[in-house]
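My notes follow the order in which I looked things up.

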Amino acid sequence: MDPAGNSDEILIEAILGLGEPLVSGNLSPDAYSVNRQDLKIVRRGLVTQPWLLTRNGNRSGSREILIPKSRQNMQKLSDKQAIALAEMGLRLENHYGRPQDVEWAVVGDRLNIVQSRPITTTQAPDASSNEGLETLNALVSRASASPGIVAGTVRIINDAAQVDQVLKGDIIVTEMTTPDFVPAMKRAAAIVTDRGGRTCHAAIVSREMGLPCIVVTIDGTTKLRDIPVATVDSGAGEVYGGDHQTKLVPQVIEIPIQRVAAMCVDGVGLLRVEFMIAQLGEYPRSMLESGRA
């Protein structure tokens, strides 16, 4: 299913080459939305891909290679392949009894399933109303990765070393996020990235934190550079200049801990080590080096 909230659709993201750049956000993927009832493609979002990651020949590791310009805009999956993947996704969902996050690879004509695990961060479409924003011209318009509407100070972050500049309530605008961004993301009101897809690090962590997030804006860091304050409507995938929260219909804000407490769960199935380190406030290696277990 679409982890950003559309339960009627299956989301498929694809890049050429190995999948690590998709997960990290270094490359933006093609996105295919398939209706789960009739298995028809309802949307295609095709993205230019300038390079790919591949095996490093007979040696260990991997290497980046440039893609010829004639192939950079090619559709990563054929419609037939996308529909076959959607069918496989439904089979896995029926087998495990709940929506699945599936990693896969196509080699030649063969579809390989690499991993399947339950989706842990689904979100319903944002319940808040964007009435009052409809007449505004969006500075940025792209893919919603985690719904929500919020206004705040725009904070352009060009490198993970600058994350200490992020203050509580800021909107982080960056090319992509890494685990080093997590402490800053805890202070932020929203995330906007140039690259990545709805299954990259920024998107997944934003959904876990309940942060509004828009990905693959392509030039968000450029278009928002001189904008001091902005309003993010990530449900619509749009960013507007200025603070327009007063135009929004009032909404009831749900405290995340209340949402978690209401869940019917037996235990914790996934821990994110970067969250744990951020909570410690000190890197574990320095604790070990100082003689603490």
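This is a predicted model: local features need pLDDT of at least 70, side-chain atom pairs count only at pLDDT 80 or more; totals for chains, interfaces and linings use all residues.

Entry 1: I started at Gly 152, whose bridge partner in β14 is Ala 230. Next I looked up how β10 and β14 are joined. β10 covers residues 149-157, and β14 covers residues 229-233. Five bridges join the two, and they run antiparallel. β10 also has four bridges to β11 (residues 171-174), and this pair runs parallel. In that pairing I found Ile 157 opposite Thr 174 of β11.

Then I asked how many residues of β10 are buried. I noted seven of the nine, so the strand is largely enclosed by the rest of the structure.

**Entry 2: the cores.** I turned to the nonpolar cores. The largest has 20 residues. Which of its residues touch the most other members? I wrote down Ile 157, Val 166, Ile 172, Met 185, Ile 191 and Val 215. As background, nonpolar side chains tend to be buried together in soluble globular proteins.

Leaving aside residues up to four places away in sequence, Met 185 touches Ile 172, Thr 177, Ile 191, Ala 202, Val 205, Ser 206, Met 209 and Leu 211.

**Entry 3: helix α4.** How many of the nine residues of α4 are buried? I counted off seven, so α4 is largely enclosed by the rest of the structure. The buried ones are His 201, Ala 202, Ala 203, Ile 204, Val 205, Ser 206 and Arg 207. I then looked up what covers them. The cover includes α1 (20-24), β9 (143-146), α3, β12 (190-193), β13 and α7 (273-280). After α4 comes Gly 210, with a positive phi near 75 degrees.

**Entry 4: cysteines.** I searched the whole structure for disulfides and found zero. The cut-off for a disulfide is 2.5 Å between the sulfur atoms. Buried or exposed? Cys 200 counts as buried, at 2% relative accessibility. Cys 213 is buried too, with a relative accessible area of 0%.

**Entry 5: the three-stranded sheet.** I moved on to an open sheet with the strand order β1-β2-β3 and antiparallel pairing. β1 (9-14) and β3 (41-45) are at the edges; each has a single partner strand, so one side of each is left without a neighbour in the sheet. Neighbouring strands here are turned by 15 degrees against each other on average, direction ignored. β2 (residues 30-35) pairs with β3 over four bridges. In this pair, Ser 33 stands opposite Arg 43.

What lies across these strands? I found helix α2 (residues 79-96), lying across β1, β2 and β3 and running at about 125 degrees to β1.

**Entry 6: a buried lysine.** I stopped at Lys 76, in the loop between β5 (62-66) and α2. Its relative accessibility is 9%, so Lys 76 counts as buried. A polar atom of the Lys 76 side chain lies 2.7 Å from the backbone oxygen of Val 47. Setting aside residues up to four places away in sequence, Lys 76 touches Ala 14, Ile 15, Leu 16, Asp 30, Tyr 32, Val 47, Gln 49 and Gln 81.

**Entry 7: positive phi.** Last, I checked two backbone angles. Leu 39 has a phi near 55 degrees, a positive value in a residue other than glycine. Leu 39 sits in the loop between β2 and β3, and is buried at 18% relative accessible area. Val 216 has a positive phi as well, near 50 degrees. Val 216 is in the loop between β13 and α5 (220-223). With a relative accessible area of 8%, Val 216 is buried.

Note on methods:
Residues are numbered from 1 along each chain as its sequence is written. Side-chain values use heavy atoms; hydrogens and water are left out. Two strands pair if DSSP finds at least two bridges between them. Axes are lines fitted to C-alpha atoms, for helices over the stretch in contact, and angles run from 0 to 180 degrees between N-to-C directions. Contact means heavy atoms within 4.5 Å. A nonpolar core is a set of buried Ala, Val, Leu, Ile, Met, Phe, Trp, Tyr and Cys residues joined through side-chain atoms within 4.5 Å. Buried means under 20% relative accessible area, exposed over 50%, partly exposed in between (1.4 Å probe, protein chains only). A polar contact is a pair of N or O atoms within 3.5 Å; within protein, one must be able to donate a hydrogen and the other to accept it, and residues adjacent in sequence count only if both atoms are side-chain atoms.
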